[in-house]
Structure formats: structure tokens, C-alpha cells
Amino acid sequence: MKHHFIDRFAYKRGFLQEVNTGLKIFLLVLLILSLLLIPEKIIFYVPFIILVFMFLIFSKIPFIYFLKRVLIIFSFLIVLFFLSIFKENGLRIFIFSFLKSLISISLVFLFVMTTKMFFLLEFIKKVPAGFLISEVFSFLYRYFFLLQDEFEKMKRGMISKGKDPKLKDYFLLSGNLFVRNYERSERVLKAMISRGWRIK
Amino acid sequence: MHIPDGFLDLKTVSVTNFFSFSFLFYSIKKITKKLNPEKIPLLGLSCAFVFTLEVISFPLPGGTSVHLSGAFFISLILGPFSGFFITFISLFVQALILGHGGILTIGANSLNIAFTGCVMGYYFYRFFEKLFPSFKTLWIFIMSLMALIVGSLLFLIELTISGKILFSRSLFPVLFAHSILGIIEGIFTVSAISFLQKVKPEILKTQRV
Amino acid sequence: MENKIKIEVKNLSFCYEEEKYVLKNINLKVYENETVCIIGENGSGKTTLLLCIAGLLKYKGEVKIDGEIFSEDLRKKMGFLFENPDDALFMPRVFDDVAFGPRNFGFEEKRIKEIVENSLEKVGLYGFEERVPHHLSFGEKKRVSLASIISYNPEILLLDEPTLGLSPLSRGNFINLIKNIRATKLIATHDLEMAIQIGDRIVLIDEGEIKKEWRRELYSIFF
């Protein structure tokens, strides 16, 4: 199964890769917030678009790969488009919202692709209540690929026995996946304890 | 439905983020105070499960597909605060990795999905389950559906206040779509809980926070 | 001359459910630097015995390590290799998984990088520090799993099915890795060939009880 590893370009030598994680997060939030505040005139969006392209080029991220990732937003935007057009000036409102979305998601992906997961987790630990958040985040990042693969393998197992899985089969597989996951968590706990993790 | 960045105005973003982040920290406080630390791996792996559920395309007739939130389901196992916490993290990571939802709209998305499913759905379910315990399965189904309907109403209100849509024109299509989703989510939650009851009932006795 | 007793198990019993005993009155002594292989059918209690000795399950009876009743303070003397490496590799990168044990057992942070590099080198995975565990092949995960326990130099290794799922070449390499680690080893395995190759003693467990033991001198007669 295709996995989108979030920090796949973080090990290249590029502009964003060298920027400190905390500063990157601050800049990201600042830029997305600025997008909310700028007037709805195309001229104000141009610097953001130029910034995205400059980040892309100087951080050495392949353009086609980046574009493919960013374009997933379209499935959400289509729905919002059809909801917007009933309003007076709905199309104009939608176009500017769409631009903001596109620029925001581009900035998020740029940030994420150029930040080593480890540094992100270390940064999260420093924020209030960050320890629990980073623990859970870490487990999520470690295990969600495994769970997706496990689900696919179960599906394949079903297909190999002549059953093309339908919705109710997916429910059965999901229930199965949860039980396996629950039991795995018990084994992971034992593995952690066996290597000295103490309940504090 | 996840709202991407750019579709909510500053005031809506501020209010929803204030609410959701406050509730997040309150949940973390509850979890650190009450949850057995041995359950941390379970919390983490359940977050991975919720994320996986939200990523899997569940097939529908006609070649379409749907994604489930699993928020209410997880709250029935782990409790409302743990459920909210891990669904929040899952939504945030979805925004980071998959572009499902935005960074500044995390508050709104958490309110619409995590809060309605894990907190509102959970407490309403417990209330009705105590009153009419023989209809447990029915309450699970109804609360799943209700969580999605309330979530969709919040979604509409947020977009309306932000000046992006007309509430009256959008109400029916959005409610209709989310009702279908709610029915599917309801059937999923009922089947998943029944499966656990048959296969590993001790899961349903896990400490809930 | 007899070595000192490293692990002593006395009257150990364990059950998961009421009256369904998985282990019944197990008595076992393992000597320092000895390699003992536990063989038996699926469900005979091999893994459960290892988990009990590692203090990861609550049992009846007694387990002593170096003459002391098992306690959390003795945990750093033991390294447990889990059957499924995905259960034991839970950090976002290999470095953190290998560093996990040393960090918890109080090793100095400034030494950690060197410890991790050395451990990975010993298992033939030098340079794997930044890799994501999920990217690794099964054999590589097993080796990282091994590195994650040898990183804190335990005196005792408890290995659950170490060669399960490995290709013939990987299996051979892994057996050599295990052989070259100086420690007292208790290995639960179906791999009789490996048991004969590296075991000083083979212990047969069946329905929760130790039924037979063979010393190395007797292998050629019985196997």
C-alpha cells in the first residue's frame, strides 16, 4: 500500500530543512493567519504564491509530487463550491476561499515534508501537556501504516477465498482490526516495561 | 466533513479554537489524573486505529465510498475525554499529512466531529442507556446518527457565520448527506460493538476516562 | 565445576482464566552463561514461561535472579526479544527504539549515540539510525529488536522464537548473532536445529509442565 511518509524530504539539504522547527511552526501559523486577514484582492495573494514557489524550489521538493499531494483538497472544495454558489457573489467568495485553502495546504505540506518527525515530536513535548500528545502522536505515526497494511492483508485474504468485500465485510474487518490493535497495545506495553519504562 | 483553511473567518476560527483547545487541555488533565498510565499504549494505538478508520474508503453501492469517523465508537471503549483527545490528534494529523481539514480550522473540525461524537454522543448514550437498558443497540445507532447530524449543523453554522454559504439553501443537502453518513456510522458502531462483545468482551470493560 | 545459578524458578504456576493453568509448578535452574532452549507444542507455555521470568505477567511461585527475588530493579539485567518485532519497535525511528532501554535504565545521554551506533553495528545495521521501523524488512526489524535489547548490556537474554519467519540465510546470520552475545540465554523455540546448534540444554515443556531435559552430551543420542 502506498504510504505518504510525512518527512520524506526532511533529510535533503534545502532551505526549509535548515529552519528551526519552532520557528517553522510559528511562521506557518502566522502565514495562514495572515491569509485570513488580507483583503479579497488577487494582488494580496501574489506574494504568498511566490513564497510557496520559492520554498518549493529552495527546499528541493519535486513539483509534480507536491502538486499531486496538494490536489487532494479538490474533493472537499467541490462540495464547498456547490454550497457557496447559492449565495450572492458566491462564486467570487468561493474563489478567494479556494485560493486561501490552496496556499494554506501548500504551506502545511511544505512545512511537514521538510521537518524531521523526531524534531516535531521533541517540539511538541515542550508545549503545555505536550508529553502525552507527543506519546500518542508517536504511536500514531509508528503504527498507522501497519494498521493500513493489516487491513489490506485481511481484505486480500477475504478476496482470495472468493468474497469481494462489501460494506458489511468492511465493518467486520474493522472490528477485527480493533481487536488485533487492542491486543497489540498489551504486547507493546510489555515491550516497553521490559526495556525499563516505568509507570510514573 | 472537514473544513479546510480559508473557509472560516477570524472570529469563527477564534471561537472554535478557543473552545476545542480548552476542552483538549481539560481532557488531557482528566486523562493524566485518572487514566492508568499502563493504558498509554492503548491510547496511542487507538489513535492510530481512529486515523486508519478515517482513511479507509468504505465502499457503497454505485461505486462511491465513504469515510467513517469512529469518534463515538472509540468513546464507548475509552471514554469521552480519551476519545476526544485521540480524535483531536487524529484530525490534526490528517490535516498535516493528508490535507483533510486545516490547521486553523482544527478547532471547528474537532468540535464538529470529536466533540459531537465523543462527548455529546457518549453522554446522551449513557443517559438513555440508564433509562432504557434493553434498547442499548438502538441507542448506539441513534447517538451515532445524532452526532453526525449535530456535527453537520455546526458545520453549516460555522460556514454561514463566516459568510461563505446560505444556511437555508445548504441545510437540506448537507443534512441529507450527513444523515446517510450517520446511518452508515451507526450501523458500523453497532456491528463493531457487537463484534467486540462476541470476540473479546473484556475490551468493553476497559477503564473509561 | 558448576557455574553459579543465574535464574532460579521455583514452583511457578500461571493461569489466564480461573483454573485454566498454562504453567504448573515449573522448577528450573539456568546457570550463568548457559544457553537453555525451551521446546514444545504451540500453547504448551513456552512464551508464558519467558514472560513470567521477565516479570511481565503476575504468577504464583518464585523467580530469583542471581539469588535475589525478582524486582523492577533487576529488570535491567534482562533483555526480552519478542516474537513479533512490530510489538517491540514502537518509536518513530530506529535510533529511538535502540536508545529506549539505555535511556530508561539511566545511561548518560551523552553516551547514547555511541551506544546506539555500536549496538546497530553488532547486528549488522550500522547507519540505520534514522530509518523508520515500518520501512524495514522483517529480518531487519528482528535485528533492530535485538539491538534494542543488547544496547543496555543485559546479563540475561530471554528470546521468544528468535528465528521465526526468517529466511535460511537470515536465520543463519541471526543464530550467529545470538551465539556471539555473552549472556545467559533462555530461548523459546520451535527451531530444533538451532536448539541443537547453540543450546547447552534443551528443555521440553508440555501442557504447562517440564517433561524432559537433555544436556548437550546426549543430543546425538536423542536427536
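The model is predicted: local features need pLDDT of at least 70, side-chain atom pairs count only at pLDDT 80 or more, and totals for chains, interfaces and linings use all residues. Residues are numbered from 1 along each chain as its sequence is written, while chains are lettered from A and ligands numbered from 1 in the order in which they are written.

Chain B contains seven helices and two strands, where helices (H or I, at least four residues) and strands (E, at least two) are DSSP runs numbered from the N terminus. Their order along the sequence is α-α-β-β-α-α-α-α-α. Of the 209 residues in chain B, 57% are buried (20 or more other C-beta atoms, placed from the backbone, within 10 Å of the residue's own). The C-alpha trace of chain B spans about 50 × 40 × 35 Å along its principal axes.

Helix H5 of chain B (residues 106-131) includes Val119(B). Val119(B) is buried because it has 23 C-beta neighbours inside 10 Å. Leaving aside residues up to four places away in sequence, Val119(B) touches Pro80(B) and Phe84(B); such a contact requires C-beta atoms, placed from the backbone, within 7 Å. Between Val119(B) and Phe84(B), 35 residues apart along the chain, the C-alpha separation is 7.0 Å.

Chain A has two assigned domains, with bounds from an automatic or database domain assignment.

| Domain of chain A | Residues |
|---|---|
| Domain 1 | 15-120 |
| Domain 2 | 129-194 |

The C-alpha centres of domain 1 and domain 2 of chain A lie 32 Å apart.

Notes. Buried ≥ 20, exposed ≤ 12 C-beta atoms within 10 Å, placed from the backbone. Contact = placed C-beta atoms within 7 Å.
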